[in-house]
Amino acid sequence: MAFLRNLTRGLRGLFRKESVEHELDEELREFLDNSVAEKMRAGMTREQARRAAKMELGGMEAVKEKMRAATWESWIEAFWCDVRFAFRLLRFNAIFAITAILSLALGIGANTAIFQLIDAVRLRTLPVHKPQEIARVKIEGRHGAGGTFSSRYPDLTYALWEQIRNQQEGFSTMFAWAPAQFNISPGGEVHHVQGLWVSGEFFSTLGVEPALGRLLSPEDDRAGCGSAGAVISDSFWHREYGGERAVLGQNLVVNRHPIPIIGITPADFYGVEVGRYFDIALPVCAEPHLNGENSQLQSRIAWWLSVMGRLKPGWSVERAGAQLRAISPAIFEAAVPAEFNPEGAKHFLDYKLGAFPGDSGISDLRASYETPLWLLLGLAGLVLLIAASNLGNLMLARASTREKEMAMRMAVGAGRARLIRQLLAESLLLAGIGAVVGTVLARSLSPVLVASMSTENDPLFMNLGTDWRVLGFTAALAVLTCVLFGLAPALRATSVAPGLALKDGAGGLSKRPTRFGLRRVLVVSQIALSLTLLVGALLFARSMNNLAKVDAGFQRDGILVTDIDYTTLKLPNEGRWQFANELLKRVRGIAGVQAAAIAEIVPLSGNGIAHDIFMGDSGAPEGEAPVATFNRVSPDYFRAMRTALLAGRDFDERDAAGSPNVAIVSASFVKQFVKEGNPIGTRFRVRRLNQTSAPFEIVGVVKDTKYDDLREQFQPLVYTAIAQYDHPDADAQILIRSDLSLYGLISSVKSVASEAHPNLDVSFVPFRTMIEDGLLRDRLMARLSGFFGVLAVLLAVIGLYGVISYMVASRRTEIGIRMALGAGQPNIVWLVLREASLLLAIGLSVGTALALVMGRTAMALLFGLKPTDAGTFVMALAVLSIVAVGAAFLPAFRAASVNPMACLRNE
Amino acid sequence: MAEQPAGLVQGTLDMLILKTLDLQPMHGWGIAQRIRQMSGGVFEINPGSLFPAFRRLERAGLLDCEWRISENNRRAKYYSLTKIGRRKLATETREWWRQVAAIGKILESVS
């Protein structure tokens, strides 16, 4: 009750201020009148009585102030008052306010944008029903057993999924899924969209309701279901069909098969993969129908599915994991592929399943971007720190100009706490506006960040909504920066002894030097932090440069990767190479094509083949064997890639089906496997799973090339003749070297392809683009750290300039006297520069130490240089020194050009 | 916090106000007069402390107030005790006597 009354009265005080004030007046006046009346009765005149009564009361306003102070709403009012006052002050100082707000907004905006990404990738839970019940099932610590791996999460095979589904106990329902690219073009140039293979339980387990139509159910997912039905996402529905409701029942073309659309998912559902979205979801059972001979569902060595489930009530992730571990031997026993050799099978049977939390979904972005993002947040945090100390410096400068104002206010009775509160309100206002502008900035920054992590083939999607974590983070930043740049100046400004400050001593020789110390400390820390950022920026820029320049063993420019898919021709195995070779000849015939070749694996594309190697040509291969990577290529491949042939010959027409197996190997292969003697003519055999090939004879040796990744060490690599391969795919990947324009070349290739056959699927990507897509992370780091580095140096230099200018201004008289006594201009310049150099030197040494410590976190992200790279440090030190000394020269010259007489007269 | 008028024991102003209002609702002037009269003119209550004390007690829920017409036909703000105020007065009074008795004993033993 009492609390409620307090609340309502307080609110009345806030919102019906006038009537409350009026009552206050009336009450006091009534008292005063009574008092006057009584004193008149006692014999005073009206005048005397009034005077005496007022003396007793002790000042109407003071009493009223005390009465107001007894209530809680007065705090709010005082605060509001402070804020309004601060606002007025800032309006008078528009340039200061705008500079402060902009620098804070940039700092806070950058931090918020990066944090938003971390939040989206790492911290958020899936937008599905009770996400904490979702867990992921996969093999713990997998190694050894081979097979084919596809999709981003090749956790399990279909046979394993069936076994798990039937034997597990901890989950009420489970589902399997795999991301895939679906071609929705009816023919001609391929048009890929983001697809999902999902088992029938996918939507019901996640608790997703259809926005329209119905979603896939276990009834849709039956073996041999063919073109069962497709569920499309809300965004795809709007993009491709304009949100038309009549879309249900219409046919989609996926990989050239018509499939009816049966339903649409809600707008906020993007699947279980964070950072990605999907356009079309198809039941797993339709996979054999759509992928034909490349079907993964029927192969026991195809790893392509990821499995998740909803835990039964009362089951924890640990308990479900323990149950899975217990039944693992039976599951792997039942799903062991016949194709495995004894070693592979042994590894396979030793595997143990485990359960892992799935409440925040899964994402391969976490492995590749989590460290970079935290590191970027750290860098952005340093920038904000520099911005805040810059602002602190400005505030300190203002504080010293307002010294007299503060002294005056204290002299007339303002409390120190009250003044500090008011100065802090000013800082808080700045930080608050900065945070709001920063949040707005972050909203346009974070999509740019996401876009810079996306490629055409791998578009990212992130739910960047502002949740409580982001809001809390931004608010905390604002308060923290406010305290950082506001508190010290406020304490300083109010620590004056009023009498001393009011005496007009300021500006003279008696300037207290301590007042200046804090600003020096701020500048030193700014220089130190910006050196750290500059070192970081240079490290990442040089690492990126190393990646761009590293010798990959081939020349990246001028190659177009063309994929011509002739699955629809339904050619038998024997006819395929012939057709592909025919296509290749036509492409070579295009005017302006310098070389063209077919390759099974395009280097750095992410695809790869690895087999066991047995040297010699006899004996039963057994046991663990060393592994080499493989590629199957046509003649002219090395000319097209510009990879040097070191010995022997290239493949040619002789190396056809039926002739003896030949191979060309890389220098590393020779080093690891041949060791001594002439490699040409050496023979070896290849084991893939349980099949061992007839012997291959080495006919050539080529230079080492990168295979998976530009960062890797060279691996032993074997090239075999694609014409000799007995299971050719129904597509030809042609690498075309030409100096034609990209557009011209693509249209020529399209026309020769349609001359060969009108019904082919064709897709293109420039080799350079493909490689650059693989360097996205490095480029992002280089760009952002570069941006932060430049920003940091700029802010630090402004800070240094400010402090030196201030120093010069406050020592004007001294300088004047020195000059009057005969000091020349160079002496004065040196006097000022000495001060600046001292600050710079201290800042640089602290910064060097800091950069050495911080560098360790960047170790794994750098290529071709260490975080302690001496050249980088020298460069950063030099750049910062030059810029800083340049900034100090300006005030130094101004100091040296003062007229000594004018100065002294002022005093 | 409100200052105490000279001669008044720390923290007793609130108790005196509550005691004064125990009989009947009163306005500010009346309360000041009554305290002076009851104390035989020993306590001159400074209005600068009295009014903030009213506001504080009111907000704490010990006092209630309403505007009435006073004896000389003017609008005046009358304060009265709430239930909580009455309880508070009782406990404060008890506590006061306990302390006075204790202090008394100490003083007697010393003299």
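Let me start with one residue, A:Ala792: apart from neighbours within four places in sequence, A:Ala792 is in contact with A:Leu382, A:Val383, A:Ile386, A:Leu529, A:Ser530, A:Leu533 and A:Leu534. Contact here is C-beta atoms, placed from the backbone, within 7 Å. This is a predicted model, with local features needing pLDDT of at least 70, side-chain atom pairs counted only at pLDDT 80 or more, and totals for chains, interfaces and linings using all residues. Residues are numbered from 1 along each chain as its sequence is written, and chains are lettered from A in the order in which they are written.

Now the core. The largest nonpolar core has 107 residues, and A:Ala792 is among those touching the most other members, along with A:Val383, A:Ile527, A:Leu534 and A:Leu800. A nonpolar core is a set of buried Ala, Val, Leu, Ile, Met, Phe, Trp, Tyr and Cys residues joined through C-beta atoms within 7 Å; buried is 20 or more other C-beta atoms within 10 Å of the residue's own. Helix 13 of chain A, residues 364-401, gives the most to this core, 19 residues. Helices are DSSP runs of H or I, at least four residues, and strands are runs of E, at least two, numbered from the N terminus.

Next, the sheet. Chain A has an open sheet of 5 strands in the order 4-25-14-24-15, with mixed pairing; pairing takes at least two DSSP bridges. The edges are strand 4 (188-189) and strand 15 (593-598) of chain A. Strand 4 of chain A pairs with strand 25 of chain A in the parallel sense over 2 bridges, with A:Glu189 opposite A:Val762.

Last, the chains: 20 residues from chain A meet 19 residues from chain B.

Conventions. Two residues are in contact if their C-beta atoms, placed from the backbone, lie within 7 Å. A residue is buried if 20 or more other C-beta atoms lie within 10 Å of its own, exposed if 12 or fewer, and partly exposed in between; C-beta atoms are placed from the backbone.
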